[in-house]
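Please take a look at the chain below.

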Amino acid sequence: MKIKPFKLERYFAKYEFNAKYLISSSDCDGYSLEYILFCASKEELNLWNNLKFGYTDSAGSEFLRESISNQHLTINPEDILVMSPGEANYILMNVLLERGDEVVCMAPAYQSLYQVAESIGAKIKFWLPEDTNSTFYYNPDKLNELVSDKTKLIIVNFPHNPTGFIPTMTDLNKIVEIAARKNIILFSDEMYHQIIHEPKDEIPAICDIYENAISLWGMAKSFGLAGMRFGWLATKRTDILNDVLAFKDYLSICNNAAGEVLTCIALNHKDKFIQPNIQKIISNKDIFKSFVAENSELLEFGDTNACSTALVKLKIKESAYTYCEKLVSSCGIMMIPSEMFDYGNSHVRIGFGRENFPEILNVWKSFIMQTR
Ligand SMILES: Cc1ncc(COP(=O)(O)O)c(C=O)c1O
């Protein structure tokens, strides 16, 4: 299969490890091994200390799938497959889709969510947000208009990267109803699950409320453990899981043994990982709101209530890409322009999950003053 370059990841490849500051990361600062082991119970430490590096169960070791199923209302260990999120997405598209299939996908989106499907030859229809002064809303009525009798798959991502959108429970139920009415499979990328700025806005994993849904969650975003490279699919569709497992034999086969134990520890002590991340995101977002107010001739930000990212409008004549290239070359701040999401050329993605966010804003402020 030929596949187009992943624009966002290629842009990261260019700057992530040589730019001084990163203001657009979607993950939070990575926790240390020391912190993970500090959180572990005696039994978990025992598991870690006695770890053997043989092959692991292809589906994910039983103890890990047990911990994952504890995060769900209706999902059992046998309803789960563990693998890296990118691999999960790649395999899932391959086992579900054929040339000519119709797929509806949210946009802008993390490119792999629609690019693999497009490369298989699927016809993609994009569900775009309503943008009111840079507050983004995905209207289920618009999704309903896009869905047809031929639609095989709907792809959603809540909380949403990059806009920071999360649907209300009422809208989520409408989305599920739209899929259920035509028996359409729903792939729900939930990599930012539980990054909710106020507890009242939390929504369940879609696989817990729709039997024809597959949910993806993992370590990178909510848990601040991107380097773990762990994720998992959860669904009651055993037939789909069996197909994914058979395909996985041609890729990673099974997961790395150390990562399984560490992932299990993080899941069993979830609050010690997710809650500090949420607090950091909220605090940085508040600081950013003041920054936007001080620089309202340049920036428009409509607020978010979930996720670690936001899509912010640049009120300038030049393209976001040109602005970002100038910013990184003159003061070392790497910022992602909306061109990397194929979403016009006037927005940038801001990431709130890093400790040094206030420091970066000070550097950006000097750049703004110099270029005024
Ligand atoms: C929506 C979404 N899905 C999947 C991924 C991939 O996650 P990972 O980095 O753990 O492979 C990302 C990463 O940015 C993402 O934003």
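Which residue of strand 15 does V312 stand opposite? V312 stands opposite V348. Keep in mind that this is a predicted model.

In general, strands of a sheet pair through backbone hydrogen bonds, either parallel or antiparallel.

| Strand pair | Bridges | Facing residues |
|---|---|---|
| Strand 11 and strand 12 | 2 bridges | L299 and L314 |
| Strand 12 and strand 15 | 5 bridges | V312 and V348 |
| Strand 14 and strand 15 | 2 bridges | P337 and V348 |

Now look at strand 15 itself. Strand 15 spans residues 347-351 and is mostly covered, with 5 of its 5 residues buried. Which residues point one way from strand 15, and which the other way? H347, R349 and G351 point one way. V348 and I350 point the other way. Both sets are buried.

**Two domains**

The domain assignment of the chain gives domain 1 (7-32 + 272-371) and domain 2 (50-270). Their centres, taken over C-alpha atoms, are separated by 25 Å. How many residues of each domain are in contact with the other? The answer is 33 residues of domain 1 and 32 residues of domain 2.

On the domain 1 side, helix 1 (7-15), helix 11 and strand 12 (309-314) each supply at least two residues. Helix 11 gives the most to that side, with 7 residues. By class, the side of domain 1 that touches domain 2 has 16 nonpolar, 8 polar and 9 charged residues.

**The core**

In soluble globular proteins, nonpolar side chains tend to be buried together. Here, the largest nonpolar core has 114 residues. Which of its residues touch the most other members? They are I155, L186 and L233. Helix 11 (residues 270-294) gives the most to this core, with 7 residues. The core draws at least three residues from each of domain 1 and domain 2.

Zoom in on I155. Set aside its neighbours within four places in sequence. I155 is then in contact with V103, C105, M106, L113, Y114 and F187.

**An exposed loop residue**

Finish with S32. This residue is found in the loop between strand 1 (21-22) and helix 2 (33-39). Is S32 buried or exposed? S32 counts as exposed, because it has 9 C-beta neighbours inside 10 Å. The cut-off for exposed is 12 or fewer.

S32 and N356 are 324 residues apart along the chain. Their C-alpha atoms are separated by 17 Å.

Methods:
Residues are numbered from 1 along each chain as its sequence is written. This is a predicted model: local features need pLDDT of at least 70, side-chain atom pairs count only at pLDDT 80 or more; totals for chains, interfaces and linings use all residues. A nonpolar core is a set of buried Ala, Val, Leu, Ile, Met, Phe, Trp, Tyr and Cys residues joined through C-beta atoms within 7 Å. A residue is buried if 20 or more other C-beta atoms lie within 10 Å of its own, exposed if 12 or fewer, and partly exposed in between; C-beta atoms are placed from the backbone. Helices (H or I, at least four residues) and strands (E, at least two) are DSSP runs, numbered from the N terminus. Domain bounds come from an automatic or database domain assignment. Two residues are in contact if their C-beta atoms, placed from the backbone, lie within 7 Å. Ala, Val, Leu, Ile, Met, Phe, Trp, Tyr, Cys and Pro count as nonpolar, Asp, Glu, Lys and Arg as charged, and the others, Gly among them, as polar. Two strands pair if DSSP finds at least two bridges between them.
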